[in-house]
Amino acid sequence: MSKISGFSKLTKLEKIDWLTEHYLSNYPKAKTIIKQYWNTDEALQKLHDEFTENTISNYYLPLGVAPNFDIDGKLYAIPMAIEESSVIAAASKASKFWLDKGGFKTEILGTTKVGHVHFNYKGKTQVLKDFFENVKPRLYAETASITKNMDRRGGGIKDIELIDKTESLDNYYQLYCTFETVDAMGANFINSCLEQFGQTLETEARAYQSFISEEVFPEVIMCILSNYVPECLVRAEVSCPVSQLGDTDNESEQFVRKFSQAIKIAQIEPYRAVTHNKGIMNGIDAVVLATGNDFRAVEAGVHAFAAREGHYSSLTHVKVENGIFKFWIEVPLALGTIGGLTSLHPLVKLSLAMLDHPSAMELMRITAVAGLAQNFAAVNSLVTTGIQKGHMKMHLMNILNQFDASENERTEAVEYFKTNTVTHSEVINLLEKMRS
Ligand code: MEV
């Protein structure tokens, strides 16, 4: 193990040499593997290299497609970037199930994003309030060059409020700022506005007479957007008569009883809620990744939303009323379809084209639907067959690959496991039998 300074200044090949010499000396295939994943198209490789720093290779994820999604009357094939087996199969199964039952209906409940200037102030609150009213027009005026384009697209700064947080933390105040960023995720736009607000606040404060005479000035701690976006919210729903949920009345009623109870368990039991929501995020993250959005931001915001009432709970809900089964999700999704990776990564551009170049609001709808479909499929399996049957069937290929199965062995194994339960050890037993 070795230290280095100036690593970022080395060329890609020098970085690889250093790395393989110091950290991968016992891994003879290292250089081959690193280079195997380079793109032969040099311009494309350069594009990927420049997305981030110190790049040595590309890390692939499969890009799959879940077709047959009827969302508000429009048919979509949804691109999903995910490595986990059975996620895309489950989404496809759910989309097909709801296709002849009215499909998915969605509603945008809000598109507001939030950011803060967090600052300290030790003086009288009323003096700060008077100063804020005074300085507010300047906050808008001095961000005019940043907001010009966004204003033209119908977005911009929605409001700036002064919030007194001193009951929770001594001397702590915020500028609570709300934004509309239209089709952009808007992180750079929001952070640029916030940093300008911070600068204006401090500069104007130094010239404000009441602060000068009291010798207390606001001190900016930090300016940053929040990934908690409870007002950038979308709802997606499916519904159908209970009788359509099984082959017989008995089957339908049992399904609805168990399914509804499963959702209620996820609402009150955090251990279950986390796994339940993880299944939802299988769908959401896969679309977020395929469309070049920031899945860490989405994850952080979604889980905070799931805990907004003081305990972690399910993102989906169910109701049965007058013989109608209704299943829905409400989820905060700050997504963009312009800017960032969306105009750079060829597969992101392709994914957005596959979705017919959606607006950010459309992408919110599609992504929420992917989450709802995933949850429907997972809970459906859980309360009927269990998930392992389907999961292990899809996982069979991974196990066969792990043991370098030949084409013949794969065909035989797939045939064999049509009527037998897939387990890791059963696959090994079968391979050993075939090989002896
Ligand atoms: C696995 O990735 C996701 C599930 O565990 C979700 C769930 O339990 O609802 C199947």
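The model is predicted: local features need pLDDT of at least 70, side-chain atom pairs count only at pLDDT 80 or more, and totals for chains, interfaces and linings use all residues. Residues are numbered from 1 along each chain as its sequence is written, and side-chain values use heavy atoms, with hydrogens and water left out.

A pocket is an open set of points with protein on both sides within 12 Å along at least five of seven lines. A cavity is a set of points where a 1.4 Å probe fits but cannot get out. Lining residues have an atom within 4 Å of a point. Points are joined across faces, edges and corners, and a volume is the space filled by probe spheres set on them.

The largest pocket has a volume of about 1500 Å³. Its lining comprises 45 residues. Nearest its centre lie F51, G292, L341, H345 and V348. Two or more lining residues come from each of α3 (42-49), α7 (187-206), α10 (270-290), α11 (295-306) and α12 (346-354). Helices (H or I, at least four residues) and strands (E, at least two) are DSSP runs, numbered from the N terminus. By class, the lining of the largest pocket holds 23 nonpolar, 19 polar and 3 charged residues. Here Ala, Val, Leu, Ile, Met, Phe, Trp, Tyr, Cys and Pro count as nonpolar, Asp, Glu, Lys and Arg as charged, and the others, Gly among them, as polar.

The second largest pocket has a volume of about 820 Å³. It is lined by 32 residues, with A90, A377, A378, S381 and I387 nearest its centre. The elements giving two or more residues to this lining are α4 (87-99), α10, α13 (360-383) and α14 (388-402). The largest share, 9 residues, comes from α13. The lining of the second largest pocket divides into 12 nonpolar, 15 polar and 5 charged residues.

The ligand takes up the second largest pocket (more than half of its atoms lie within 2 Å of the grid points). Around the ligand are E84, R272, T275, H276, K278, G279, N282, A378, L382 and I387 (each with a heavy atom within 4 Å). The shell has 3 nonpolar, 4 polar and 3 charged residues. The largest share of the shell, 6 residues, comes from α10.

A polar side-chain atom of E84 lies 2.6 Å from a ligand oxygen atom. For K278, a side-chain N or O atom is 2.6 Å from an oxygen atom of the ligand. For N282, the distance from a polar side-chain atom to a ligand oxygen atom is 2.9 Å. Taken alone, the ligand exposes 300 Å², of which the protein buries 84% (Shrake-Rupley method, 1.4 Å probe).

The cavity count comes to 2 at 30 Å³ or more. The largest cavity has a volume of about 110 Å³. It is lined by 15 residues, and M185, S226, N227, V229 and A334 lie nearest its centre. Both β4 (113-120) and α11 supply at least two lining residues. α11 gives the most, with 4 residues. The lining of the largest cavity divides into 11 nonpolar, 3 polar and 1 charged.

Methods:
1 Å grid on protein atoms, 1.4 Å probe; cavity = no way out; pocket = protein on both sides within 12 Å on 5 of 7 lines; lining within 4 Å. Polar contact = N/O pair within 3.5 Å; in protein donor to acceptor, adjacent residues only side chain to side chain.
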